[in-house]
Amino acid sequence: MTEQQLLAPADLAAIDLTDPRTFVGNDLSALWRRFRDESPVHWHPAGARTPGFWVVSKYADSVAVYRDNKRFTSERGNVLATLLQGEDSASRKMLAVTDGARHREIRNLMLKSFSPRVLAPIVDGIHRHTRELVARALAAGGRVDFVTDVADHIPINTMGDLMAIPEADREQLVEWNSLTLSRQSSDDSEMESLMARNEILLYLSDLASERRRNPGDDVISTLATAVVDGKPLTEDEIVFNCYSLILGGDESTRMSTVGGLIALAEHPEQWRRIKAGEVTVESATEEVLRWTTPAMHFGRRAMVDVPLRDQVIKAGDVVTLWNTSANFDEDVFDDPYAFDVGRTPNKHVVFGHGPHFCLGAFLGRVHVGAMVEALRATVAEVELTGPPQQLYSNFVHGYSGLPVQLTAEPGTPVAAPATATATATATQSQADTAQAAGTGRR
């Protein structure tokens with residue numbers, strides 16, 4: 001399928017949203033505009049091995065379905081990969097695919113690990129890790145792969161700190177996680193993704209067993225020692241909910257920071273606005289999240305017949321909600337295809353909406369904001385030195401590689417510190433000085 005055929009098909013029914021090739025190397029903005037204009041509640045025909053399903057592309061319709069946990073369920077899957085199989089092995093074990101009272105009980109339990117007291121050192125760690133990694137990239141001359149040298153190392157350390165995962169194991173988790181949610185190319189097999197998922201689950205099961213014996217102040221310990229209605233959580237509930245945190249907290253955050261850097265390099269006027277302090281870090285963060293929309297879709301299954309616009313979604317039908325379209329809906333966002341770091345309001349649905357709103361949304365925002373702050377303080381220019389290497393996925397929009405040249409802000413030390421401790425100290429001092437200098441402009 002060529003780009004021209006993809007962007008202007010004779011019939012929208014010719015577009016296969018189950019095929020990762022549809023999303024690789026193509027600008028889908030014109031396609032999603034057509035869906036919103038011509039067929040906002042669209043029936044996607046069945047494939048050779050998959051049933052048909054509904055494609056919802058408008059913001060208001062997506063939000064309505066997200067909110068409606070009475071007529072739509074997540075318990076038979078919440079992404080195409082599981083919805084089209086008819087089930088999810090984590091159903092009623094993992095928060096994302098559990099509804100009703102059990103969902104509320106587990107969510108309230110996990111929220112304890114996201115309290116201000118618990119998250120304060122985690123947030124400090126995010127800013128510290130981000131400053132250190134950007135400083136190291138600049139110390140090495142600034143010519144780096146932003147994915148593998150910088151972005152890969154930030155969110156996994158956050159999840160690692162939150163879950164007390166040994167530092168020596170974190171890079172392996174990043175590798176497994178990347179294979180689980182997406183593939184580098186069509187040459188990678190689905191079996192590799194399944195094996196990577198199983199490796200993560202086995203690893204987390206071992207950690208949960210250890211935390212039962214020696215609990216600490218971390219998410220795994222909270223789940224491993226919790227009691228709900230007089231009973232401890234099952235092994236599957238503990239492991240699958242830890243797994244869910246790694247999935248969401250690592251991959252989506254990495255892809256937002258990488259996609260955000262691409263956007264800043266391609267929109268130098270917006271980079272200038274950030275550097276000049278004309279916009280807040282908060283507004284830039286929200287626009288990076290909207291612009292990148294790493295999780296392209298989520299989904300539900302209808303439990304009863306539900307009218308939506310001029311269609312009737314039948315009981316049992318799969319409904320997919322395309323965030324990657326909703327976040328560019330002209331009815332909600334002025335000039336949506338303009339990257340505007342000062343955009344307000346910016347009520348995107350990157351983290352979903354309603355009862356299943358992402359538990360880690362706050363940390364996701366902190367990650368992107370920390371990167372914006374670190375780049376603003378120490379980087380003068382961002383240049384792409386090669387094409388981004390896009391992931392092969394119909395769920396995650398992101399990149400496995402991004403060669404860039406980061407030019408240090410004048411006055412930023414370029415010699416590598418002698419020790420890791422010196423690196424952290426020097427980087428903290430630089431960032432604090434820059435932040436103090438720019439406080440009046442934020």
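Guide: Helices (H or I, at least four residues) and strands (E, at least two) are DSSP runs, numbered from the N terminus. Axes are lines fitted to C-alpha atoms, for helices over the stretch in contact (heavy atoms within 4.5 Å), and angles run from 0 to 180 degrees between N-to-C directions. This is a predicted model, where local features need pLDDT of at least 70, side-chain atom pairs count only at pLDDT 80 or more, and totals for chains, interfaces and linings use all residues. Residues are numbered from 1 along each chain as its sequence is written, and side-chain values use heavy atoms, leaving out hydrogens and water.

Visitor: Why is helix 8 called roughly antiparallel to helix 12?

Guide: The axes of helix 8 (residues 155-163) and helix 12 (residues 235-266) cross at roughly 155° and come within 8 Å. Angles over 145 degrees count as roughly antiparallel (under 35 roughly parallel, 65 to 115 roughly perpendicular, the rest oblique), so helix 8 is roughly antiparallel to helix 12.

Visitor: Which residues of helix 8 make the contact?

Guide: P155, I156, M159 and M163 do, and their partners in helix 12 include L245, I246 and R254.

Visitor: What makes strand 1 and strand 3 edge strands?

Guide: The open sheet has 5 strands in the order 1-2-10-7-3, with mixed pairing. Strand 1 (41-44) and strand 3 (72-73) each pair on one side only.

Visitor: How do you know that strand 2 pairs with strand 10?

Guide: Pairing takes at least two bridges found by DSSP; 3 bridges join strand 2 (residues 53-56) to strand 10 (residues 318-322), and the two run parallel. V55 stands opposite T320 in strand 10.
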